[in-house]
Amino acid sequence: MWQKSQDLAVEVYAIFSKTNDFGFRDQITRASVSISNNIAEGYERQSNADFKRFLYFALASNSEVRSMLYLSERLNYTDKNKSKYYLKRPMRFQKCCMPLLNQ
């Protein structure tokens, strides 16, 4: 799960590296990096309760990335077909998290 969230961050950086809207680019890249950072931080806490809490933080950052991907289409930073493709990764991450959070 951590590796997949790192992959998402690398992909987000690649997608928006040439975007001139620096505020948008900064927000979506920070949110994407936050996902793996929260997973790592929760894991290091070495308690299930803390790990779950940080997974919720990671899931919230993932939702932020997903929201911004939808916005990127509306702002014409990405086209509709690419947006659908890009949105698959955060959706998969969410599906990965839910079983762990429901334990």
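The model is predicted, so local features need pLDDT of at least 70 and side-chain atom pairs count only at pLDDT 80 or more, while totals for chains, interfaces and linings use all residues. Residues are numbered from 1 along each chain as its sequence is written, and side-chain values use heavy atoms, with hydrogens and water left out.

**Overall fold**

- The protein chain has 4 helices and 0 strands; helices (H or I, at least four residues) and strands (E, at least two) are DSSP runs, numbered from the N terminus.
- Starting at the N terminus, the order of elements is α-α-α-α.
- The C-alpha trace spans about 45 × 20 × 20 Å along its principal axes.
- For 103 residues, a compact globule would have a radius of gyration near 13 Å, and the 14 Å of the protein chain agrees with that; the radius is taken over C-alpha atoms, and the globule rule is 2.2 Å times the number of residues to the power 0.38.
- Take the contacts (heavy atoms within 4.5 Å) between residues at least 6 apart in sequence: 65% of them join residues at least 24 apart.

**Inside and outside**

- Of the 103 residues, 35% are buried; buried means under 20% relative accessible area, exposed over 50%, and partly exposed in between (1.4 Å probe, protein chains only).
- The protein chain exposes about 6500 Å², with 51% of it supplied by carbon and sulfur atoms; these areas come from the Shrake-Rupley method with a 1.4 Å probe, and for residues only the protein chains shown count as cover.

**Two loop residues to look for**

- Gln-46 sits in the loop between helix 2 (22–44) and helix 3 (48–74). Its phi is near 60°, a positive value in a residue other than glycine, and Gln-46 is exposed at 70% relative accessible area.
- Asn-76 lies in the loop between helix 3 and helix 4 (80–101). Here phi is near 65°, again a positive value in a residue other than glycine, and Asn-76 is exposed at 68%.

**Aromatic rings**

- The structure holds 4 aromatic pairs; rings of Phe, Tyr and Trp (its six-membered ring) pair if their centres lie within 6.5 Å, and planes under 30 degrees apart count as stacked, over 60 as edge-to-face and the rest as tilted.
- Phe-54 and Phe-57 have ring centres 5.2 Å apart and planes at 85°, so this pair is edge-to-face.
- These two residues are 3 apart in helix 3, which means about one helical turn separates Phe-54 from Phe-57.
- Phe-54 is buried at 5% relative accessibility, whereas Phe-57 is partly exposed at 37%.
- Phe-16, Phe-24 and Tyr-77 form one aromatic cluster.
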